[in-house]
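Hi everyone, thanks for letting me have a few minutes. Let me put the structure up, and then we'll walk through it together.

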Amino acid sequence: MRVLIVEDNEELARLVVGGLGKAGHAADHAATAAEARHILAVETYDAVVLDLGLPDADGLAIVREMRARQDPTAILVLTARAGVDDRVEGLRSGADDYLVKPFAFEELVARIEALSRRPRAMHGLVLRLANLSLDTTGRQAFIDDEPHILSARELAVLEILLRRKGRVVPKKLVEDQLFGASGDLSSNAVEVYVHRLRRQLAERNAHVTIHTVRGVGYMIAEAKA
């Protein structure tokens with residue numbers, strides 16, 4: 001599991017990052033809201049552990065921004081604000097969990113791992129790009145609001161790309177999320193599914209383009225007029 005720790009207390013951040021590493025998880029650190037925004041724009045995480053009292057912004061602003069752009073990443077608020085009103089505001093802003101400082105590190109790890117087990121579809125998320133949308137709960141793609149039938153793996157590829165629209169998705173990431181450790185993978189399997197998906201979207205006049213970045217991966221973006 002990959003986690004972003006957004007915390008301005010360098011000593012606490014170092015302990016959390018180190019502890020998560022010992023627990024078998026990869027963790028990165030951002031000390032400010034600006035740094036967190038930059039990292040979240042270019043990287044993908046399973047969870048974000050977020051302090052609210054950041055030096056350059058209230059952490060809840062980041063929560064609201066992530067949810068406004070339909071980012072489904074699990075968010076655990078880690079803060080000294082212990083009031084009931086504070087917890088309610090955090091959860092209503094889009095956080096998935098709320099842990100008050102001081103805390104037991106074992107509880108933090110357990111809460112992060114519990115969040116990571118929640119299906120992303122629980123968010124009822126609809127991913128959109130141009131005239132294309134994907135209902136991740138109903139597993140249905142739409143073009144101009146008309147349903148379009150795709151195979152399970154074509155839908156999976158589309159979801160992977162749409163969750164990172166405008167960014168290059170490494171081929172290895174697509175392979176890992178599409179096939180996992182099943183071993184059900186030929187040398188050109190990903191290329192086949194991307195080709196099928198690209199053809200089907202073009203045939204239905206979806207205003208999107210799936211770019212192949214040779215030697216790297218794929219990116220979905222709105223087609224240029």
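Predicted model: local features only at pLDDT ≥ 70, side-chain atom pairs only at ≥ 80, totals over all residues.

An unreviewed UniProt entry puts "domain: Response regulatory" at residues 2-116. In the model, that span is 48% helix and 21% strand, and its end C-alpha atoms lie 10 Å apart.

Pair number one is α2, residues 33-42, with α3, residues 59-68. How do their axes cross? They come within 10 Å and cross at roughly 20°. Angles under 35 degrees count as roughly parallel, so α2 is roughly parallel to α3. The crossing of these two is right-handed.

Who actually touches whom? From α2 you have Ala-33, Ala-36, Arg-37 and Leu-40, and from α3 you have Ala-61, Ile-62, Glu-65 and Met-66. Sort those by class and you get 6 nonpolar residues, no polar ones and 2 charged ones.

Which residue does Arg-37 form a salt bridge with? The partner is Glu-65, and the closest N and O atoms are 2.8 Å apart. Look at where they sit: Arg-37 is in helix α2 and Glu-65 is in helix α3, 28 residues apart, so this pair links distant parts of the chain. Across the whole structure, a search finds 14 salt bridges.

Pair number two is α1, residues 10-22, with α5, residues 105-116. These axes come within 11 Å and cross at roughly 60°, and this crossing is right-handed. On the α1 side we have Leu-15, Val-16, Gly-19 and Leu-20, which meet Phe-105, Leu-108, Val-109 and Ile-112 of α5. By class, that contact has 7 nonpolar residues, 1 polar and no charged ones.

Last stop, the backbone. Is the peptide bond from Lys-101 to Pro-102 cis or trans? It's cis, with omega near -10°. You'll find Pro-102 in the loop between β5 (97-100) and α5.

Then there's Ala-130, in the loop between β6 (126-129) and β7 (132-135). Its phi is near 55°, which is a positive value in a residue other than glycine.

That's my tour, and I'm happy to take questions.

Methods: Residues numbered from 1 in each chain as written. Heavy atoms only, no water. UniProt positions renumbered as here; feature names shortened; annotations may be inferred. Helix = DSSP H or I, 4+ residues; strand = E, 2+ residues; numbered from the N terminus. Axes fitted to C-alpha atoms, helices over the stretch in contact; angles between N-to-C directions. Parallel < 35°, antiparallel > 145°, perpendicular 65-115°, else oblique. Left-handed = near helix turned anticlockwise from the far one by under 90°. Contact = heavy atoms within 4.5 Å. Nonpolar A, V, L, I, M, F, W, Y, C, P; charged D, E, K, R; others polar. Salt bridge = Lys/Arg side-chain N within 4 Å of Asp/Glu carboxyl O.
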